[in-house]
Amino acid sequence: MTVSARSASQPIIALHAPEIGERELERVRDCLARGWISSAGAVTDEFECAVARYVGVRHAVAVSSGTAALHTALLVAGVGPDDEVVVPSLTFIASVNAIAYCGARPVFVDVSPDTWTLDPDKTVTFLRQECDVRNGRLVNRATGRRVAAVMAVHVLGHPVDLDPILEAARARGVITIEDAAESLGAAYRDRKVGGLADLACLSFNGSKVVTTGGGGMVLTDSDGWAARARHLTTQARSDDREYVHDEVGYNYRLPAINAAIGIAQMERLPEILERKRRVAERYREGLAGLPLVAPAPEAAWARSTFWLYTVRLKDLRLPALRDRLLDSMRQEGIEARPLWRPIHLAPMYAAAQRYHLDHTEDIYRTAVSLPSSPGLVREDQRLVISVLERSLAEGTAGKDTSWV
Ligand SMILES: *Cc1c(COP(=O)(O)O)cnc(C)c1O
């Protein structure tokens, strides 16, 4: 295979380009020079410490992907066959697949139109009014199954309004897991996400704010859960001399070479977040004059990382504006993308319970994620905004938009 120059179909302005430089190279070089290539040893431990310190949790367990982190967190939380887990449908498929890996089932609850994350009122109402406590277990009246956990996904860098959910879940013995894969560095009421619930998961895949190429992490304050996560993700080996295993484990440990990149990335994180905020601010200002465009949400109690700066088009009476915009962006070499197709529409999860999904599909149909790299330069961002402006002007030419 040959390495070719950039072809015409490749985007010129990326959706989210990683910040990789001399720091990362130095760490990886050092790691290789010492022969620390596997997951054993101090490098992975050091990465765990850096993330645990940053988020403010007692324990961090590094794994090979965010999906593996979610699977591990669910297992540690005791989620098993035929249990149910409350999860939004508006999320990346991995949040829900991890539930299926445990033999459990999703219960899809709507997202709030203000934050696009799990609706706290609907979640609390579901736990309070649709379920009964029987023999110390919370049972979903509609299905007769145990509701074991809530997976609160901090979508696109914006935190979930978690306090009411945590309170209702704790009162009923239900464990709350944060899927913080998209939101490292975000804050909820001045507390960092990843340290708010019983367990939390991060992803370090290539497009996330902090990347290790591939990787993930389980965060918790519980000594017991952290030990169990470590055990499960290293093949559940119970003896360090003999190959004795006491349950079905997984080969999920993060290799040192990836962790080395992560250590350097964590040093950059505050600066990356600041630059991403500046990008978000410029979008907010640049799009303010466009009545058909709603800026990316940020609640008064939230500090978003704007992982992907995602706007909503007010196109309910003008369908197809979104697709026109996506086409215009592609033609200009700008990488923009729609949100994930809601998971309740995927064939594997079509039979799952849906709890008042009033906003999920509307948000999906009208949202577009714009280039959000921390290194996005002013001129490129101006081009993105002007392409957006032009595409909407063409899409609404001759049409009545006085209702906006
Ligand atoms: C990226 C992502 C994951 C999965 O992470 P991987 O590291 O790609 O396995 C899980 N949940 C959400 C919400 C994500 O965005």
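Predicted model: local features only at pLDDT ≥ 70, side-chain atom pairs only at ≥ 80, totals over all residues.
1. Helix α3 gives the largest share of the shell around the ligand, with 3 residues. Residues are numbered from 1 along each chain as its sequence is written, and side-chain values use heavy atoms, with hydrogens and water left out.

2. Who sits around the ligand? There are 16 residues around it, and G66, T67, E182, S203 and K208 come nearest. A residue counts as near if one of its heavy atoms lies within 4 Å of the molecule. By type, the shell splits into 5 nonpolar, 8 polar and 3 charged residues.

3. G66 uses its backbone: one of its N or O atoms lies 2.7 Å from an oxygen atom of the ligand. N205 brings a polar side-chain atom to 2.8 Å from a ligand oxygen, and K208 has a polar side-chain atom 3.1 Å from an oxygen atom of the ligand. The protein covers 92% of the 380 Å² of accessible area that the ligand has on its own. Those areas come from the Shrake-Rupley method with a 1.4 Å probe; for residues, only the protein chains shown count as cover.

4. Stepping back to the whole chain, you are looking at 11 helices and 17 strands. The radius of gyration is 22 Å, close to the 22 Å that the globule rule gives for 404 residues, so the chain is as compact as a globular protein of that length. The radius is taken over C-alpha atoms, and the rule is 2.2 Å times the number of residues to the power 0.38. Along its principal axes, the C-alpha trace spans about 75 × 60 × 40 Å. Of the 404 residues, 56% count as buried; buried means under 20% relative accessible area, exposed over 50%, and partly exposed in between (1.4 Å probe, protein chains only).

5. Strand β4 (residues 131–134) runs antiparallel to β5 (residues 137–140), and 4 bridges join them. Two strands pair if DSSP finds at least two bridges between them. V133 has L138 in β5 as its bridge partner. There are 2 residues between the strands, and N135 takes a positive phi near 50° in this hairpin. N135 is not a glycine, and at 78% relative accessibility it counts as exposed.

6. Q235 is another one to check: its phi is near 65°, a positive value in a residue other than glycine. Q235 belongs to the loop between α7 (223–232) and α8 (256–287). With a relative accessible area of 38%, Q235 is partly exposed.

7. There is also an open sheet of 3 strands, in the order β9-β8-β13, with antiparallel pairing. Its edge strands are β9 (191–192) and β13 (302–303), each pairing on one side only. Strand β8 (residues 187–188) pairs with β13 over 2 bridges, and A187 has R303 in β13 as its bridge partner.

8. In the loop between β13 and β14 (309–313) sits S304, which is buried at 5% relative accessible area. A polar atom of the S304 side chain lies 2.9 Å from the backbone nitrogen of F306. E298 is in the loop between β12 (293–294) and β13, and is partly exposed, with a relative accessible area of 32%.

9. Last one: is S391 buried or exposed? S391, part of helix α11 (residues 378–396), counts as buried at 1% relative accessibility. From S391 to I363 you go 28 residues in sequence and 20 Å in space, C-alpha to C-alpha.

Terms used: Polar contact = N/O pair within 3.5 Å; in protein donor to acceptor, adjacent residues only side chain to side chain. Nonpolar A, V, L, I, M, F, W, Y, C, P; charged D, E, K, R; others polar.
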